[in-house]
Amino acid sequence: MPDAFTTRILNIGTGPEETVSDLTAACERFLHDTAAGRDGLLNIFVPHATAGVAIIETGAGSDDDLLAALHTLLPADNRWQHRHGTPGHGRDHVLPALVPPHATVPVIAGRLELGTWQSICLVDTNRDNPDRQVRLSFLG
């Protein structure tokens, strides 16, 4: 019988631009390898102070809308107390308060229990750090 708790680290290159990266296929591959048809929970965690995890629709503009909304709420200007890196980088450190660094999704019979249009995404507005890690943990 497979272990009740399994974890894996994904290394994600987000590049020099703000991005919403769809992790759903990587999460499905992880569950295929580890869940063995069991029910449980998938936790997605980003161990970074300037990135988050969102469950949103992608491909229809919602990912761009999310980045635009974050620009409105967290402008990249000099208002921030945290002042190293590119101009406005302090706002990247506020991002996880709005887009948390984790999400937990039910797994039924080894498959993600997402809604029809939902995707699991890494949200990264920090242009100073193009290399991210995402920890996937299955408990089942």
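I take a salt bridge to be a side-chain nitrogen of Lys or Arg within 4 Å of a carboxyl oxygen of Asp or Glu. I note that this is a predicted model, in which local features need pLDDT of at least 70 and side-chain atom pairs count only at pLDDT 80 or more, while totals for chains, interfaces and linings use all residues. Residues are numbered from 1 along each chain as its sequence is written, and side-chain values use heavy atoms, with hydrogens and water left out.

**Salt bridges**

I looked up the count by this rule and found 5 salt bridges. In one of them R91 is joined to D92, with the closest N and O atoms 3.4 Å apart, and both of these residues are buried (under 20% relative accessible area; exposed is over 50% and partly exposed in between, with a 1.4 Å probe and protein chains only). I then saw that R91 and D92 belong to a network of salt bridges that also includes E18.

I turned next to D33 and R8, whose side chains meet at 3.2 Å, N to O. Because D33 lies in helix α1 (residues 24-34) and R8 in strand β1 (residues 5-13), the pair ties together parts 25 residues apart in sequence; helices (H or I, at least four residues) and strands (E, at least two) are DSSP runs, numbered from the N terminus. R8 counts as partly exposed because its relative accessibility is 30%. I also noted the salt bridge between D77 and R79, at 2.6 Å, N to O, where D77 is partly exposed at 26%.

**Cysteines**

How many disulfides does the structure hold? I found 0 disulfides, taking the term as a pair of cysteine sulfur atoms within 2.5 Å. C27 is in none, and the nearest cysteine sulfur, that of C121, is 9.5 Å away, which is too far for a bond. C27 counts as buried because its relative accessibility is 0%, and C121 is likewise buried, with a relative accessible area of 0%.

**An open sheet**

I traced 3 strands in an open sheet, in the order β2-β7-β4 with antiparallel pairing, where two strands pair if DSSP finds at least two bridges between them. β2 (19-22) and β4 (51-56) stand at the edges with a single partner strand each, so one side of each is left without a neighbour in the sheet. Between β2 and β7 (residues 119-124) I found 4 bridges, and T19 stands opposite D124 in β7.
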